[in-house]
Amino acid sequence: MKAGFFATRWGIVAVGLFIGVAAALLQYLGNPPNMGVCVACMERDIAGALGLHRAAVVQYLRPEIMGFVIGSLIAALLFKEYRARSGSAPIVRFCLGMFAMIGALVFLGCPWRALLRLAGGDWNALVGIAGLTVGIGVGVLFLKGGYNLGRTYKAKPFAGLIMPLIMVALFAMLMAKPLFGRAKQVVDGVETIIITGPVFFSAEGPGSMAAPVAVSLLVAIAIGFLAQRSRFCTMGAVRDVILTRDFHLVSGIVALVVAALAANLVLKQFHPGWEGQPIAHANHLWNFMGMALSGLAFSLAGGCPGRQLILSGEGDGDAAVFVLGMIVGAGFAHNFTIASSPAGPALFGPAAVVIGIVFCLIVGFAMREKFA
Amino acid sequence: MKQIDARGLSCPQPVIMARKGMAELSGGKLEVLVDSVTSRDNVMRAARLEGCETEVSAKDDEFSVIISKK
């Protein structure tokens, strides 16, 4: 297989097929339903494990996230594409990451999970994907109007290693399971200090469901490697079709859905319907709006959550800041009663989505320049 | 030869700039400077979609994509 294979149509299709099958298998091996890989959900679990939010059912240091970054780093180093760079409006990207996460947690999934939900028979995903497409479409209008976050600049090589190093540290914590928390406990009037998390690991709920660590990590490293080679991006797929009628990336996401659907049928994980879908709700308005916010934020930031992780592995410090924004956003989403549950949108979810859309529109209008 | 400097810009900016440049190209050639393999490949693909020919040269971490209409 020559290096250029992944730049071809068959290359991106092969990567989509691989991710689709891998995701279905991870579900079969223990990951939550329709969540074989979900960058938003898994970063949210990491935020919970670190105590940035205290939703007890979604706390786990997901090795998939670490694997994506490390796999991308390996590919970038092997193919001499590692380039440390940053400096393109990092604070704006941080906030876009935060609101992207908020939108994703109102819908309950990133675009990867939207595709996996569809492949699992959760038709609510169609509403989410429609919202995502509209959000990206609005982003494309800004791009055509001269929107951009400015140039990045070359950085010292070490700067690009920060995100991979953070992932290594998270993996060490996953292995060692240290308890950093101290809390007061009063029993029969006697006050004692107990040792507790973080790091937290869910005892029940989605956070407690996981494929074996080694399998998750290795599969994710493979996905990270392949995604780096092929530039796999769900947001870019939709954007390129709208912007330039370029169907290159979109063939990858179609392949992902087809492969995951086939694998789900074989593994008996396909359960079609609207109601009672796993880790999903059937509120069409906020499924649509949540993903519309995410789609807009992704397109303004130049990549879906998966792509941002891959970029952060190949040295892109701005993508790394977007990732950190997503993790912090997950903390807010659960602490502020914004993240949805299977019961439906949370009390402040809709308001947060509206604020996020207003923020993104302001960014879109404010950060325009005319090219020479 | 008209030159577009898309270095430091991430996609789709280089593609948007290259497409604009190609639209204004009546004859002759257009040079697009980029500094990532992703941008290089994307600009080349965009040029092919427009029925143009491309020629690439690399210098350090940067690429020059020369686009000409067939």
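Predicted model: local features only at pLDDT ≥ 70, side-chain atom pairs only at ≥ 80, totals over all residues.
Two packed helices are described by the angle between their axes and the distance between the axes.

| Helix pair | Residues | Axis distance | Axis angle |
|---|---|---|---|
| H11(A) and H14(A) | 284-301 and 349-366 | within 10 Å | roughly 30° |
| H2(A) and H3(A) | 39-49 and 63-78 | 8 Å | about 115° |
| H3(A) and H12(A) | 63-78 and 305-313 | within 7 Å | roughly 50° |

The crossing of H11(A) past H14(A) is left-handed. On the H11(A) side, the contact is formed by Trp286(A), Met289(A), Gly290(A), Leu293(A), Leu296(A), Ala297(A) and Leu300(A). H14(A) contributes Pro350(A), Val353(A), Val354(A), Gly356(A), Ile357(A), Cys360(A), Leu361(A), Val363(A) and Gly364(A). By class, the residues in this contact of H11(A) with H14(A) are 13 nonpolar and 3 polar, with no charged ones.

H2(A) and H3(A) pack at an angle of about 115°, and the two helices are therefore roughly perpendicular to each other. From H2(A), the residues that meet H3(A) are Val39(A), Met42(A), Glu43(A) and Ile46(A). Their partners in H3(A) are Glu64(A), Ile65(A) and Phe68(A). The contact of H2(A) with H3(A) holds 5 nonpolar and 2 charged residues, and no polar ones.

H3(A) also packs with H12(A), where the axes come within 7 Å. Because the angle there is roughly 50°, H3(A) and H12(A) count as oblique to each other. The crossing of H3(A) past H12(A) is right-handed. In H3(A), the residues that meet H12(A) are Ile65(A), Phe68(A), Val69(A), Ser72(A) and Leu73(A). H12(A) supplies Leu309(A), Ile310(A), Ser312(A) and Gly313(A). This contact of H3(A) with H12(A) has 6 nonpolar and 3 polar residues, and no charged ones. Ile65(A) and Phe68(A) of H3(A) meet residues of H2(A) and also residues of H12(A).

**Interface of chain B and chain A**

In the interface, 22 residues of chain B contact 21 residues of chain A. About 1800 Å² of area is buried between the two chains, and carbon and sulfur atoms give 51% of that area. The interface of chain B and chain A has 4 salt bridges. A salt bridge joins the side chains of Asp5(B) and Arg151(A), with an N to O distance of 3.8 Å. Asp5(B) lies in strand E1 (2-5) of chain B.

**Backbone features**

Most residues other than glycine have a negative phi, and most peptide bonds are trans. The following cases depart from this.

In chain A, the peptide bond from Pro198(A) to Val199(A) is cis, and its omega is near 15°. Val199(A) is part of the loop between strand E4 (190-196) and helix H8 (213-230) of chain A.

In chain B, a cis peptide bond runs from Cys11(B) to Pro12(B), with omega near 15°. Pro12(B) sits in the loop between strand E1 (2-5) and helix H1 (13-23) of chain B.

Lys80(A), a residue other than glycine, has a positive phi, near 55°. The loop that holds Lys80(A) lies between H3 and strand E1 (85-86) of chain A.

Conventions
Residues numbered from 1 in each chain as written. Chains lettered and ligands numbered in written order. Heavy atoms only, no water. Axes fitted to C-alpha atoms, helices over the stretch in contact; angles between N-to-C directions. Helix = DSSP H or I, 4+ residues; strand = E, 2+ residues; numbered from the N terminus. Left-handed = near helix turned anticlockwise from the far one by under 90°. Contact = heavy atoms within 4.5 Å. Nonpolar A, V, L, I, M, F, W, Y, C, P; charged D, E, K, R; others polar. Buried area = accessible area lost by both parts, 1.4 Å probe. Parallel < 35°, antiparallel > 145°, perpendicular 65-115°, else oblique.
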